[in-house]
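This report describes selected features of a predicted model.

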Amino acid sequence: MAVITVYKLCKRYSGASAPAVDDVSFTVADREFMVLLGPSGCGKSTVLRMIAGLEPITSGTVAIDGRVVNDVPAKARDIAMVFQSYALYPHMSVHDNLAFGLRRRDVAGAEIERRVQSAAQMLGLADLLDRKPHALSGGQRQRVALGRAIVRDPKLFLFDEPLSNLDAALRVTTRNELIRQQHEIGTTSIYVTHDQVEAMTMGDRVCIMNEGKVVQIGAPLEVYRQPADMFVARFLGSPPMNLLKGRLEIREGRTFAVLGGAAVALPQRTESSLAMHVGRDVIVGVRPEDLYEVAPPGELASMATLPARVTTVEPLGGETLLVLSLDGCSEEVMARIGRHTALRRGDRFDVTLDAATIHLFDPAATKAIV
Amino acid sequence: MQLARQLGFGQMPGFEQLRRLPLVLFAALYTVITGGPLLWVATMSLRTTAEIFKSPYGFPSPVHWEKFVDAWTKSNYATYFWNSTIVVVIAVALVTVIGSMAAHCLARYHFRGSRSVRFLILSGLILPPQLLILALFQILLEMNLYNTLTGLILVYVATHVAMTVYILEGFFAQIPQDLFDAARMDGYSDFEIFWRVTVPIGMPAIFTTVTLNFIILWNEFLFAVVLLTEDDKRTLPLGIMHFTGSHQLDVGMVATGVMIAIVPVILIYAFTSETIIKGMTAGAVR
């Protein structure tokens with residue numbers, strides 16, 4: 001059990017123009033599952049490797065339970081890590097792979113055996129203990145990698161994209177399995193991924209990174225509903241949030257977001273904070289699921305309609321995605337609507353949008369307004 | 001049916017077989033060129049020199065098995081064999097340990113000057129041995145190692161580390177970095193990681209260098225002939241040369257000596273070839 005504090009962490013590789021990790025700070029509470037999420041190359045794995053002690057720190061500190069461990073070697077940090085490639089020792093049996101870390105730590109033979117057997121039971125590896133890694137399936141290897149971390153009973157688990165080598169179906173079951181294990185064991189965990197679904201479903205909190213910097217930290221639904229900037233808005237959600245050029249105007253005492261030919265009245269509770277942006281260009285963000293073919297019953301007050309033409313229909317079975325071109329707007333927008341729609345390519349209709357769900361961003365700073 | 005097709009007997013027999021013909025001819029020719037002389041020496045090793053001069057290509061009749069006993073007992077052959085064994089086994093062991101450690105460091109760590117160290121070691125590959133021999137002679141003389149097996153062992157180690165590092169570094173560099181990181185997280189020191197991760201995983205490559213070095217050093221002549229002069233210090237290649245003295249040419253005994261000399265090489269290859277081939281075909285270490 002441990003509290004991890006990362007403070008003003010920087011990593012600069014020699015010869016690189018920009019730092020790989022730039023002023024990253026966050027705290028992971030005891031027993032918390034923190035997900036580092038970001039596109040490839042955003043520095044999230046480097047942060048993980050610096051916490052692990054596998055990568056020298058350029059500046060800043062990593063502390064475990066308040067003790068700065070910058071100069072503590074990896075082997076003395078009491079951290080276990082699950083690698084993307086699983087990193088199973090190919091010349092050792094599953095049993096020896098699990099026991100390898102314990103043997104070095106002067107754990108008694110009987111205790112090693114007990115822990116290996118219990119982890120094998122927990123992960124369904126009991127029948128595979130004599131096999132070599134090359135004789136295992138991807139999912140089994142993944143479980144051995146996880147088992148190797150569990151038997152160590154460390155202060156902290158680090159996961160570096162552990163599911164990305166699995167096929168889609170196995171990824172879902174393994175993901176659920178991992179969530180269950182983590183709840184059972186309760187060890188503080190930091191999990192690196194570029195998969196937003198993993199981040200949303202697994203993390204107690206999500207730390208979103210871009211270009212070496214932390215962009216936003218929060219509970220998964222919180223960052224989804226209140227993205228701090230346009231990057232987070234686009235990165236979370238599939239299909240991503242629609243971002244449209246618009247303008248804030250006052251008409252008849254109300255604040256409107258003008259989108260092409262249409263104007264959407266913004267909720268009154270936000271008006272005061274929008275005052276300084278009135279008369280200026282803004283970026284209007286709308287999630288595809290907040291666009292409706294027909295207005296849902298009961299939320300009429302904040303509903304607005306925009307005339308649109310259907311450019312593409314993508315029936316996915318469970319739902320249908322529409323690509324729409326809004327009148328007077330250069331950008332196309334995506335709408336996620338019910339599977340029973342009768343709309344066809346070329347049809348014109350008034351798409352309904354819930355103004356309460358609109359996000360506004362400053363086009364220059366890309367930060368969220370409100 | 002499938003086998004027939006694989007062998008080239010299928011829907012288009014004429015054309016496919018014609019296409020294979022040059023390949024088969026080449027393989028046959030190659031076998032004759034390499035295997036023929038060996039077979040010839042093998043038959044000669046069982047015949048007396050007089051018989052050989054009478055009919056060079058004849059089959060052994062009667063078969064003189066006793067020549068092997070004579071070669072071993074009536075000349076210094078047992079001493080030469082023992083000398084060769086000591087020199088080659090110790091030299092190969094040292095080359096393997098030093099070479100694999102150097103290769104591990106060069107493949108894993110990027111320290112200041114690592115490029116220069118690599119260049120320095122690998123430049124040993126391009127130096128012809130003839131170039132070194134006078135200097136080595138002088139150095140060994142000054143260090144009282146001239147005419148000693150220790151001196152020859154040291155020379156063999158020094159001259160064969162370069163190729164060993166070259167082969168092993170290429171293989172070790174392909175071992176995924178994650179394995180080393182995992183071992184570090186598991187609490188192992190750099191030296192332990194070398195022994196417990198690099199060496200077992202790199203075993204096919206290590207066996208390759210052991211076999212290559214063994215064969216090359218077992219047959220090494222130039223350094224041995226210059227650096228050893230006393231008869232009881234000689235290694236096998238020098239010993240075999242001894243059968244062809246200035247006033248006699250015992251071709252039959254030379255052949256017998258050669259056949260005894262290749263036994264260890266064949267044994268080494270028989271024991272390691274499976275691992276080597278397994279290592280080459282398995283490819284991925286993941």
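## The open sheet

Chain A contains an open sheet of 6 strands with mixed pairing, arranged in the order β6-β7-β8-β3-β9-β10. At its edges lie β6 (79-82) and β10 (213-218) of chain A, each of which pairs on one side only. From one strand to the next, the twist averages 20 degrees.

In general, the strands of a sheet pair through backbone hydrogen bonds, in either a parallel or an antiparallel manner. Here, strand β9 (residues 205-210) of chain A runs antiparallel to β10(A), and 5 bridges join the two. Within this region, Met209(A) stands opposite Val214(A), a residue of β10(A).

## Packing of helices α3 and α4

Two packed helices are described by the angle between their axes and by the distance between those axes. For helix α3 (residues 109-123) and helix α4 (residues 138-152), both of chain A, the axes come within 10 Å and cross at roughly 140 degrees. The arrangement of α3(A) relative to α4(A) is therefore oblique, since only angles over 145 degrees count as roughly antiparallel. The crossing of α3(A) and α4(A) is right-handed.

On the side of α3(A), the contact involves Arg115(A), Val116(A), Ala119(A), Ala120(A) and Leu123(A), which meet Arg143(A), Leu146(A), Gly147(A), Ile150(A) and Val151(A) in α4(A).

Val144(A) belongs to helix α4 of chain A. Val144(A) is classed as buried because 25 other C-beta atoms lie within 10 Å, and the threshold for that class is 20 or more.

Apart from neighbours within four places in sequence, Val144(A) is in contact with Leu88(A), Val94(A), Asn97(A), Leu125(A), Pro133(A) and Leu136(A). Of the residues named, Asn97(A) is 47 residues from Val144(A) along the chain, and the C-alpha atoms of the two are separated by 7.8 Å.

Gln121(A) is located in helix α3 of chain A. Gln121(A) has 10 other C-beta atoms within 10 Å and is therefore exposed, the limit for that class being 12 or fewer.

Gln121(A) and Pro240(A) are 119 residues apart along the chain, and a separation of 41 Å is found between their C-alpha atoms.

Conventions: Residues are numbered from 1 along each chain as its sequence is written. Chains are lettered from A and ligands numbered from 1 in the order in which they are written. This is a predicted model: local features need pLDDT of at least 70, side-chain atom pairs count only at pLDDT 80 or more; totals for chains, interfaces and linings use all residues. Axes are lines fitted to C-alpha atoms, for helices over the stretch in contact, and angles run from 0 to 180 degrees between N-to-C directions. Helices (H or I, at least four residues) and strands (E, at least two) are DSSP runs, numbered from the N terminus. Angles under 35 degrees count as roughly parallel, over 145 as roughly antiparallel, 65 to 115 as roughly perpendicular and the rest as oblique. A crossing is left-handed if the near helix is turned anticlockwise from the far one by less than a right angle, and right-handed if clockwise. Two residues are in contact if their C-beta atoms, placed from the backbone, lie within 7 Å. Two strands pair if DSSP finds at least two bridges between them.
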